[in-house]
Amino acid sequence: MRPQRVTAAGRYIRVSVHSYAPPVASLPAEARLAHLAYHDPLTGLPNRAQLADRLERALERAADTGAIVLLSIDLDDFKLVNDGLGHAAGDELLRQIAIRLDGVRRSADLLARQGGDEFILLVELPRRDDAAATAAGIGRRISEALEPPFAIADAELRIGASVGAALYPGDAGEAETLHRHADSAMYRAKENGGGYAAYRPGATDPLAQLSMAAALRGGLSQNAFSLHYQPVFRLPTREMMGVEALIRWEDPLRGPIMPAEFIPVAEKTGVIHALGDWVLHEVCRHVRAWDAEGLRPNIGVNISSRQLQRPNFAGDFAATVAAAGLDARRVILELTESAWMLEASRTLSVLQQLTGAGFSVALDDFGAGYSSLSRLRRLPVGVIKIDRSFLVDLPDDPQAAAIVEAILALATACGCDVVCDGVETDAQLGFLCDRGCRLAQGHALGRPQPVAEITELMRTQLTPARRG
């Protein structure tokens, strides 16, 4: 491993780091004290004190034209390792992770252990316009570095990380705020199932969340929300067979706000229950109008794991659908894979009640979160929606092609339909048709449209069999 340089009483003491277990006991007393003052005893990495000192000096150097990327790294489900294998195994895992993370950094970067299972990576850049792309690239490399399994206590463990990044000077002008914003981004990444997230003003700030929650409640009373519908087609005939309901918010002060920004706030603050009820009632209203014309598409409705935790959610949902005269077999409940895997023990019985009432369940964003075949076997899933990230490089990327082909084969073996979401090009469509994919949606087929436009499309696209 790279040697580390430690400042002590105005001097540099070079300490060799091998497997992050430096022979501290063999150092002279003064050097030993200096090392312990600036290093984490478990991993040998710089500690908070050294990080704070380095960050202050980095801010001084970047004051005119430079930039700083601060990445907060928190391991996913590390507590399960300590609880299941013991703290000795947890300590060994931390040492191995420190080695992997050290391999990601450049020689000029500082990797520190913040404490527990948290690490910080400090990156100094000479140019500010490169900072955002650099941060995203590092976040990707961290995920890649942690992908291979770890050999711990005669077991192979796989553990990922949630990584959040904040930039100087764009996101913060001083050390404490930069730390806080990097942590906020990391928590947002964790809420989204892990991976990388950049700091977004207001995304996790408590006051900003309260303000947005109040605006969400006001929007419900002021009719500021609407539904758009994206068509779903059969392949290769391109026969329209259903739609997915997508919520839109036009805030009078903020303008259009996309679901990725307000849905996490709605979930955290509990507004998601009122928002979900509004969506369902609006869908039922539109379906009644479509049924009156003989238009009978299947309807995909996105459901939050938070909604599934509400008492008697399954009964209330089924009652609302029945009161609208809508056949439950036409309704597909779309739940993200990460939400299901994070709340599996709580939501399984609710989903079983819903499927027992005739509804279908679609596992959305499949492959992007906590893919687990053992859990998938227990989930009453009828549809798998392949995450759009796997389609981007089709058909040219052999690895992406192999993943999509594997998911199609897995779905067939499990008796599930597959919807490829996010199809953008004719080349992607051709690849999917050749591999036997039956259903797809995306801009290459049809963009999300307001209810008037999607109704007109149904009149021309739905086959007589789908018109009742």
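Modeller: Ile386 sits in strand E16, residues 383-386; helices (H or I, at least four residues) and strands (E, at least two) are DSSP runs, numbered from the N terminus. This is a predicted model, in which local features need pLDDT of at least 70 and side-chain atom pairs count only at pLDDT 80 or more, while totals for chains, interfaces and linings use all residues. Residues are numbered from 1 along each chain as its sequence is written, and side-chain values use heavy atoms, with hydrogens and water left out.

Ile386 counts as buried because its relative accessibility is 1%; buried means under 20% relative accessible area, exposed over 50%, and partly exposed in between (1.4 Å probe, protein chains only). Leaving aside residues up to four places away in sequence, Ile386 touches Phe366, Val404, Ile407, Val418, Val419, Cys420 and Asp421, where contact means heavy atoms within 4.5 Å. One of these residues, Val418, is 32 residues from Ile386 along the chain, and the two C-alpha atoms are 7.2 Å apart.

Gln114, in strand E4 (residues 110-115), is also a buried residue, with a relative accessible area of 18%. Not counting residues up to four places away in sequence, Gln114 touches Arg48, Leu51, Phe119, Ile120 and His179.

Helix H17 (residues 451-461) has Ile454, Thr455, Leu457 and Met458 buried. Seen down the axis of H17, its buried residues fall within an arc of 160°, so they line one face of the helix; the arc is that of the directions from the helix axis to the C-beta atoms. Ala452 and Thr460 are exposed, on the face of H17 turned away from its buried side. The cover over the buried residues of H17 includes strands E10 (225-234), E11 (239-251) and E19 (449-450), and helix H9 (272-292).

Helix H5 (residues 131-146) has 16 residues and spans 23 Å from its first C-alpha to its last, close to the expected 22 Å; the expected span is 1.5 Å times one less than the number of residues. Its buried residues include Ala131, Ile138, Ile142 and Leu146. The buried residues of H5 pack against elements including strand E3 (67-75), helix H4 (87-102) and strand E5 (118-125).

Finally, the confidence. The protein chain averages a pLDDT of 84, and 85% of the residues score at least 70; pLDDT is the predictor's confidence in each residue, from 0 to 100. Over residues 1-22 the pLDDT is below 50, though this stretch has 54 contacts in the model beyond near neighbours in sequence. Where pLDDT is low, the predicted coordinates should not be read in detail.
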